[in-house]
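Subject: The structure for you to look at

Hi,

Here is the structure I promised you. Have it open while you read, and I'll go through what turned up.

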Amino acid sequence: DGGYRFIFSNRYFWRMGVLGLVVHGIFFALQTLWAGPWLMTMLGKTQQQTGEILFMLNLVLMLSYLALGWAAPRLRARGINTHRVIGVGVACMILAQAAMLFTRSEHAWMLWLLLALFVPVTTLVQSQVALTFPASLAGRANSAYNLQIFVGAFVAQWGFGVVVYMLKSWGANPVDAFRATLAAAVAVQVAAYIYFVASRAQPSH
């Protein structure tokens, strides 16, 4: 399809898309599959406590989406650069995950709420992708971006488990296996963030 070929050959699409593929994809994998095992393995939470924490995570996520929906047009009206907002939000997402590597304190679970607080910034990424193409291609651009999120999430869901079980088979205890796997995920996100910041690609439409 010529439309998708045009989208996937666009440098700005990849500047934004790498955040969806890597950062949003990894969060989606954590939220849907690995946050619970992390809380129980790393922090010693019971199934009930884990369920309550995940409920709070999703509540914070929902409220944050609503807050950003209210704030985004006002920030734009004040001339605040959207790329800067995205950059700060994604950096905070990565830092929250990095902080999880260094603490197993009683209140370490709150870092998951901090992570959820900044995740909605990824919606700005998607809106930037749609706005960079002509209206006739906006739907396909969104579909291409969503495809990247789902591919990233699938690979992260599968890869997280593979790495954890591989490390355990090599003799690592579960805590060290989970920590090393999340550290690898953080490193991949840092690389994606550097690409986003270093790229000078701008919307062409």
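Let's start with helix 7, which has 35 residues. From its first C-alpha to its last, helix 7 reaches 51 Å, close to the 51 Å expected at 1.5 Å a residue. Keep in mind that this is a predicted model. Just after helix 7, have a look at glycine 171, which takes a positive phi of about 105 degrees.

Next, helix 7 together with helix 8. A quick bit of background: two packed helices are described by the angle between their axes and the distance between the axes. Here, the axes of helix 7 and helix 8 come within 9 Å, and they cross at roughly 140 degrees. Angles over 145 degrees count as roughly antiparallel and 65 to 115 as roughly perpendicular, and helix 7 and helix 8 are therefore oblique to each other. As for handedness, the crossing of helix 7 and helix 8 is right-handed.

The largest pocket has a volume of about 260 Å³. It is lined by 15 residues, and the closest to its centre are Ile26, Val155, Ala156, Ala185 and Val188. Which elements give two or more residues to that lining? They are helix 2 (11–43), helix 7 (135–169) and helix 8 (174–198). Helix 7 turns up again here, as it gives the most to the lining of the largest pocket, with 6 residues. Sorted by class, the lining of the largest pocket has 12 nonpolar residues, 3 polar ones and no charged ones.

The second largest pocket has a volume of about 220 Å³. The largest share, 5 residues, comes from helix 3. What classes of residue are in the lining of the second largest pocket? There are 10 nonpolar, 2 polar and no charged residues.

Finally, the cavities. How many cavities of 30 Å³ or more does a search of the whole structure find? The answer is 1. The largest cavity has a volume of about 60 Å³, and the residues that line it are Ala72, Leu75, Arg76, Ile80, Thr82, Val85 and Leu124. Helix 3 and helix 4 each supply at least two residues of the lining of the largest cavity, and helix 3 gives the most, with 3 residues. By class, this lining divides into 5 nonpolar residues, 1 polar and 1 charged.

Cheers

Terms used
Residues numbered from 1 in each chain as written. Predicted model: local features only at pLDDT ≥ 70, side-chain atom pairs only at ≥ 80, totals over all residues. Heavy atoms only, no water. 1 Å grid on protein atoms, 1.4 Å probe; cavity = no way out; pocket = protein on both sides within 12 Å on 5 of 7 lines; lining within 4 Å. Points joined across faces, edges and corners; volume = space filled by probe spheres on them. Helix = DSSP H or I, 4+ residues; strand = E, 2+ residues; numbered from the N terminus. Nonpolar A, V, L, I, M, F, W, Y, C, P; charged D, E, K, R; others polar. Expected span 1.5 Å × (residues − 1). Axes fitted to C-alpha atoms, helices over the stretch in contact; angles between N-to-C directions. Parallel < 35°, antiparallel > 145°, perpendicular 65-115°, else oblique. Left-handed = near helix turned anticlockwise from the far one by under 90°.
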